[in-house]
Amino acid sequence: MRRFGEALESLERVVASRKGGDADRSYTSRLLAGGVPKIGGKVTEEAAELVQAAAGESDDRVAAEAADLVYHMLVLRSEEHTSELQSHSDLVCRLLLEKK
């Protein structure tokens, strides 16, 4: 879990560094320039692709779609300015509830 957290933090830093960047050179900058409507559309698309993959595709495909969804969710969170502490505490609460 620690490595996953470190990977998320690293990805968050990359996303933050793309804010205000050249949308012609960076996919993340293009998403951010499109705001919530553009990013939200991608989150919806990637969630649907993950569900489709989980319904019968390979484990590699499921993992790839899950990674795409996590990436787009981080971009959305960055746009919405949700604090890292709030997001992480929400995740921890959900994990604890799952264990009950």
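These legends accompany an overall view and two close-up views of one predicted model.

The model is predicted, with local features requiring pLDDT of at least 70, side-chain atom pairs counted only at pLDDT 80 or more, and totals for chains, interfaces and linings using all residues. Residues are numbered from 1 along each chain as its sequence is written, and side-chain values use heavy atoms, without hydrogens and water.

**View 1. The whole chain.** The chain has four helices and zero strands, in the order α-α-α-α along the sequence. Helices (H or I, at least four residues) and strands (E, at least two) are DSSP runs, numbered from the N terminus. Of the 100 residues, 23% are buried (under 20% relative accessible area, 1.4 Å probe, protein chains only). Among contacts (heavy atoms within 4.5 Å) with a separation of 6 or more, 55% join residues 24 or more positions apart.

**View 2. His72 in helix 3.** Helix 3 covers residues 59–80 and includes His72. His72 is buried, at a relative accessible area of 4%. Its side chain makes a polar contact with the side chain of Tyr27 at 3.0 Å (a pair of N or O atoms within 3.5 Å; within protein, one must be able to donate a hydrogen and the other to accept it, and residues adjacent in sequence count only if both atoms are side-chain atoms). Beyond neighbours within four places in sequence, His72 contacts Tyr27, Leu31, Ile39, Lys42, Val43 and Glu46.

**View 3. Pro37 in helix 2.** Pro37 belongs to helix 2, residues 27–54. With a relative accessible area of 68%, Pro37 is exposed (over 50%). Pro37 and Leu76 lie 39 residues apart in sequence, and their C-alpha atoms are 9.7 Å apart in space.
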